Amino acid sequence: MKNVPIFILIVAVTGFIIWESVNTHKVFNYLTKESDAIYTQLETGEIDDALEVKVDKLNDYWTREMDKLAISISKKDLQPVSDYLQYLVSAVENNSADDALTYARLLDYNIDGLKEASGITWLNLL
């Protein structure tokens, strides 16, 4: 009978770890895809309403998902993504294509770094 609570605890912790890993992977895949698309669009064209909507959607998505990611990733590590995303929103609203391109590149770079650092890879397991 003493083993039943331990077994329940192990199952609960394992379930949480799996859920957190799947959620983190899903969030970073979406962020990578969208930030790449925004950067590519800024490289090839001007700032338009569709780009502004895309940046606002990405900002809303990040705002919702950041608290879930903070369970397993330090807010200190997540903060640069928030900062560069806010800079990008501001640059797009001010119609500053050069600043928007710079911040989109920095955002993409930071997302890729966080994705690599938080993923399950052989390098991270060492």
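How are α1 and α4 oriented to each other?

## Helices α1 and α4

In this predicted model, the axes of α1 (residues 3-44) and α4 (residues 97-118) come within 9 Å and cross at roughly 155 degrees. An angle over 145 degrees counts as roughly antiparallel, and α1 and α4 are therefore roughly antiparallel to each other. Their crossing is left-handed.

On the α1 side, the contact is made by Thr24, Phe28, Asn29, Leu31, Thr32, Ser35, Asp36, Ile38, Tyr39, Leu42 and Glu43. The α4 side contributes residues including Ala100, Leu101, Ala104, Leu107, Ile111 and Leu114, along with Arg105, Asp108, Asp112 and Lys115. Sorted by class, the residues of this contact are 11 nonpolar, five polar and six charged.

Helix α1 has 42 residues. From its first C-alpha to its last it reaches 61 Å, close to the 62 Å expected at 1.5 Å a residue.

Among the buried residues of α1 are Val27, Phe28, Leu31, Ile38, Tyr39 and Leu42; Glu20 and Glu34 are also buried. The buried residues of α1 pack against α2 (49-69), α3 (75-93) and α4.

## Helices α2 and α3

The axes of α2 and α3 come within 10 Å and cross at roughly 160 degrees, which means that α2 is roughly antiparallel to α3. This crossing is left-handed.

Residues of α2 in the contact include Val55, Leu58, Trp62, Met66 and Leu69. From α3, the contact includes Leu78, Val81, Leu85, Leu88, Val89 and Val92. The contact of α2 with α3 has 11 nonpolar, three polar and five charged residues.

Terms used. Residues are numbered from 1 along each chain as its sequence is written. This is a predicted model: local features need pLDDT of at least 70, side-chain atom pairs count only at pLDDT 80 or more; totals for chains, interfaces and linings use all residues. Side-chain values use heavy atoms; hydrogens and water are left out. Axes are lines fitted to C-alpha atoms, for helices over the stretch in contact, and angles run from 0 to 180 degrees between N-to-C directions. Helices (H or I, at least four residues) and strands (E, at least two) are DSSP runs, numbered from the N terminus. Angles under 35 degrees count as roughly parallel, over 145 as roughly antiparallel, 65 to 115 as roughly perpendicular and the rest as oblique. A crossing is left-handed if the near helix is turned anticlockwise from the far one by less than a right angle, and right-handed if clockwise. Contact means heavy atoms within 4.5 Å. Ala, Val, Leu, Ile, Met, Phe, Trp, Tyr, Cys and Pro count as nonpolar, Asp, Glu, Lys and Arg as charged, and the others, Gly among them, as polar. The expected span of a helix is 1.5 Å times one less than its number of residues. Buried means under 20% relative accessible area, exposed over 50%, partly exposed in between (1.4 Å probe, protein chains only).
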